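Please look over the sequence and the structure below, and then read on.

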Amino acid sequence: MKNSAMVSVALLVVSLAAWQWGPGLLHIPTFIVPPLSMVGGEFVHAWRFDHLMLHTGVTIVEVIAGFVLGSLLGAVVGYLLGMSPTAEVALSPYILALQIAPKVAFAPLFILWMGFTIYPKILVAVLIVFFPVMVNVLTAVRTVDPDLINLARAFKATRAQIFWKVEFPTSMPPMFAGLRIGATLAVVGVVVGELVGGNAGLGYLLTFGEGQANTPLVFVSIVMLTVVGSIAYLGVILIERRVLHYLPARAVGGNL
Amino acid sequence: MPDVVRLEYRNVTMRFKEAHGRGLLTAVRGVSFSIRDGEVVSLIGPSGCGKSTLLNIGSGLAAPSEGLVLVDGERVEGPNAQVAFMLQKDLLLPWRTVAGNVMFGVEIQGVPAAECRRRAQSLLANFNLGEFSRHYPHQLSGGMRQRVALARTLAVDPHVLLLDEPFSAVDAQTRMVLQRDLAQTLKKAGKTALLITHDLAEAVTLSDRVLVMSQRPGTIIDEIVIDMPQRDNPIARRHDPKTNDYVARLMDRLDIAHASLERQAGGAA
């Protein structure tokens, strides 16, 4: 564990050094790949004059709103479909079609509907987060050990008791697997929404930098988006570790 | 009350729709027997003879096609609090502690939390699991998990226990320890039990009587009374040479069942 951490740090130092001096050594112009120090300078500049923190804040709010709403919706629909086989059979072709449709393609439509506000961005994120959560919850509810349900029934459990004491807790590990995927996808959804139209958020800053041929600003935006995505992912993993504390340590939250 | 009948199967027949085609498959046919208060009766028979079907009917999870089951003289029409079952799988909930798992049934039945905890602690203490009450199932061995499952079954204080091959997934030595624990518990608490098993020695050492079932459609073809002392000490019974005689008799009986069934099938065709 300690060795792998040291390798990780060494790799970071090497790649940062390559970023700083590599472009110069290879004679790559700075408007194609700006070196690290230039991007750092642009970061400070954007912080002071381009409202970098405000744009980051807008994106964070949209990501959180889209992720929370999308997960809740996905979980609720997953449980309902999981408990009603008829509904699942009736709805599955439509769900499949919607799942295959590239969700980001809805972004222009949502902007037509709701204008240059934060709502179309949130809606794209909701749509994109919905599916991994819904599918995982649905599968989990569907695959609960029937003997476990029979055990609860033999103790005279009501339908609600079976749900809260057996089905809901059983679905937690797969649901968190879905939430982890959802956390990173939420950032994708929000950014596509911001790229398509708007005047705030890191996606907007990205197109703004592109319009000015300000490559360092584009890099700054990408780095900040990665930071936002990582925070979202880490947040889910921290909650997962608390909720799934009963599982053997290795089974939870990947290797962090 | 040794003469009170706790559990009675009266002419129980169970048919299922066949998986393919429209035919009906008779799993068990005309099964009748009764178990008196405090008696332990084993049910043995070839695989697929409908033993587990009988257990599902007894616990009220399935309704028989014909006939009925009575518990304490009352017809079983759904799950009821007098009957509890235990399977080969421990069915422990991984997110509950050992104590939480023991409380699962009583909690569902609405027993107050303090009483649930008290029952769980005293049962766990009986099974030498007191110090593990805050552990999670994945931290326990297979034998300990099965003991927790038995504690959960007893926590609801049922009159009748239905046990479906409860120890067949654990290793042979652990199994003997678990058999002893079960036998002592049943004796001490005076519980009535129907034990389904593949293990002939288990049937003989744990029971007052053994019922032998035929192949499908399963029906009871013999009843052997185990005339040995110390039903609460299966390990002592294993040393008794009579155990081997009973096991040999049961082996014979199961083989004869096989042959006679083929004749029956030939005669019917």
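Predicted model: local features only at pLDDT ≥ 70, side-chain atom pairs only at ≥ 80, totals over all residues.

## A pair of bridged residues in chain B

The strands concerned are S3 of chain B, residues 40–44, and S8 of chain B, residues 192–196, which run parallel and are joined by four bridges.

## The sheet around that pair

Strands S3 and S8 belong to an open sheet of six strands in chain B, where the order is S6-S7-S8-S3-S9-S10 and the pairing is mixed. Because S6 and strand S10 (220–225) of chain B each have a single partner strand, they stand at the edges, and one side of each is left without a neighbour in the sheet. From one strand to the next, the twist averages 20°.

## The two domains of chain B

The domain assignment of chain B gives a domain 1 made of two stretches, 5–82 and 159–268, together with a domain 2 that covers 90–157. Between the C-alpha centres of domain 1 of chain B and domain 2 of chain B there is a distance of 26 Å.

Where these domains meet, 12 residues of domain 1 of chain B are in contact with 10 residues of domain 2 of chain B. On the domain 1 side, helix H6 of chain B, which spans residues 172–189, gives the most, with six residues. By class, the residues on that side of domain 1 of chain B are nine nonpolar, two polar and one charged.

## Where chain B touches chain A

Between the chains, the contact involves 18 residues of chain B and 16 residues of chain A. Strand S6 (83–86) and helix H3 (104–108) of chain B each supply at least two residues of the side that touches chain A; S6 of chain B is also one of the strands at the edges of the sheet described above. The side of chain B that touches chain A consists of 13 nonpolar, four polar and one charged residues.

## The two domains of chain A

Chain A, too, is divided into domains, with domain 1 at 1–33 and domain 2 at 34–251. The C-alpha centres of domain 1 of chain A and domain 2 of chain A lie 31 Å apart.

The contact between these domains takes nine residues from domain 1 of chain A and seven residues from domain 2 of chain A. On the side of domain 1 of chain A that touches domain 2 of chain A, six residues are nonpolar and three are polar, while no charged residues are found there.

Technical notes
Residues numbered from 1 in each chain as written. Chains lettered and ligands numbered in written order. Domains from an automatic or database assignment. Contact = placed C-beta atoms within 7 Å. Nonpolar A, V, L, I, M, F, W, Y, C, P; charged D, E, K, R; others polar. Pairing = 2+ DSSP bridges. Axes fitted to C-alpha atoms, helices over the stretch in contact; angles between N-to-C directions.
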